Amino acid sequence: MKLLSIAIPCYNSQDYMESCIESLLVGGEEVEILIVDDGSSDRTAEIADDYARKYPTIVKAIHQENGGHGEAVNAGIRNATGLYFKVVDSDDWVNKEAYVQILKTLYELLRGPQTVDLLISNFVYEKQGATRKKIMQYRKCLPQDRIFGWEEVKHMPKGKYLLMHSMIYRTKLLHECNLELPKHTFYVDNLFAFEPLPYVKNLYYLDVNFYRYFIGRDDQSVNEKVMIKRIDQQIRVNKLMVDAYINCKSTNKQLKAYMFSYLDIITTISSIMLIRANTEESLQKKKELLEYIRTENKQVYRKLRHSLFGRVMNLPGRGGRKMSVAAYKISQKFYGFN
C-alpha cells in the first residue's frame, strides 16, 4: 500500500503538467501519482500515458470525459490506494525538501498510536511578476510537530484559512464522509477544504513551505474577470458550503467558529463579485443568495449579515456598493483575497 496518493487534475495542461509531475516523482515508491486527464483535446492524455509507461509502479493515467475540476478530484479519490490523499493542480508544483519532510512525517505518524486525519503544511503564492512571495503559514494558529485536536486551534484571522493546497487528508476519511464534488463547477476546492472538516478529529501541522501555488494566467479561475463570468458556479459552491455548515453535527466550538469564518469569507467574495458585475441581474442574484441563506437557517443568516464583512458588503444604494468595493480592495491587500 502506498503512503500518499496525489491526484493531478489535468485539462489541456500540456504546457505545464510535466513540471508538476517531475516535482512529485521525487517521492519515489512511497507515492502514487494519479494523472487525471479530464477530457483534454491537446497532448495531455499522451503525456499522462508516457509517464505511466515510464514509471509503472508510481504513475497511473486516468482518462475520463470532461467533468470539470471537481470530477477530476472525485476520480482521484475513487482510484487512490494510498493511506493519505493530496491534490496538486497541474500548473502548480511542490518543494523537494519540504516534500521529503512531509513523507517522513506521514511515515512516522503511521507508526504512532494515534490516527491523524489531516496533515497541514504551508503553501507559497507563486504570483507572476511579484518580487515578494506571500507564504500562507499557520505557526501562530496551530501547534507544531505534534498531534492536536480542534480545541487547541487558536483563532484564525480572516486571511488565515486552510485551502486545498495546505491539506493532506486521510484517504479513508474522504470515503467515510462521502465527499462528492459537483461536476462542471469551478471553485470546488473550497468544498474540498470545508465539507470533510467535521470528520477530522486529529490534526498535525508541519511548518514547511510545501506547495507552490501559481497565480498569473489570464484564464485562471481566480482571475476576477473570470470569477464574474462564472459567478453562478461560485454561488453554487457558496450554497453547498451553507448546507454543509448548517448540517454539521459537531459541537466543537473551535471547529464551528473556523467553519463560520470560512463561510463568511466565501459569502463575501460571492457578494463583491456580484456587486462588481454591476448589473440588475447580478444584484438580484445577490439578494437571492442572501434569501437562500435566510430560508435555510435564520440564525446563520443573521450571523453572516451582522459580521464585519456582512455589514460592509450590504451597504444600501449605489454609494454603499462603491464603499463595499473600496473595502474589498483594501481586504485584498490586507487578507490576500484572490
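## Cysteines

A disulfide is a pair of cysteine sulfur atoms within 2.5 Å, and by this rule the count here comes to zero disulfides. The structure is a predicted model, in which local features need pLDDT of at least 70, side-chain atom pairs count only at pLDDT 80 or more, and totals for chains, interfaces and linings use all residues. Residues are numbered from 1 along each chain as its sequence is written, and side-chain values use heavy atoms, with hydrogens and water left out.

For cysteine 20, the closest cysteine sulfur is that of cysteine 10, which at 7.0 Å is too far for a bond. Cysteine 20 is buried (under 20% relative accessible area, where over 50% is exposed and in between is partly exposed, with a 1.4 Å probe and protein chains only), its own value being 0%. Cysteine 141 is also buried, with a relative accessible area of 4%.

## Helix H3

Helices are DSSP runs of H or I with at least four residues, strands are E runs of at least two, and both are numbered from the N terminus. Nine of the twelve residues of H3 are buried, among them Glu71, Val73, Asn74 and Ile77. These buried residues pack, by contact of heavy atoms within 4.5 Å, against elements including strand S1 (4–10), strand S2 (31–38) and helix H5 (171–176).

## Helices H1 and H2

Helix H1 (residues 17–25) and helix H2 (residues 44–54) have axes 11 Å apart and pack at an angle of about 20°, and they are therefore roughly parallel, a word that covers angles under 35 degrees. Their contact involves residues including Ile21 and Leu25 of H1 and Ile47 and Tyr51 of H2.

Note on methods
Axes are lines fitted to C-alpha atoms, for helices over the stretch in contact, and angles run from 0 to 180 degrees between N-to-C directions. Angles under 35 degrees count as roughly parallel, over 145 as roughly antiparallel, 65 to 115 as roughly perpendicular and the rest as oblique.
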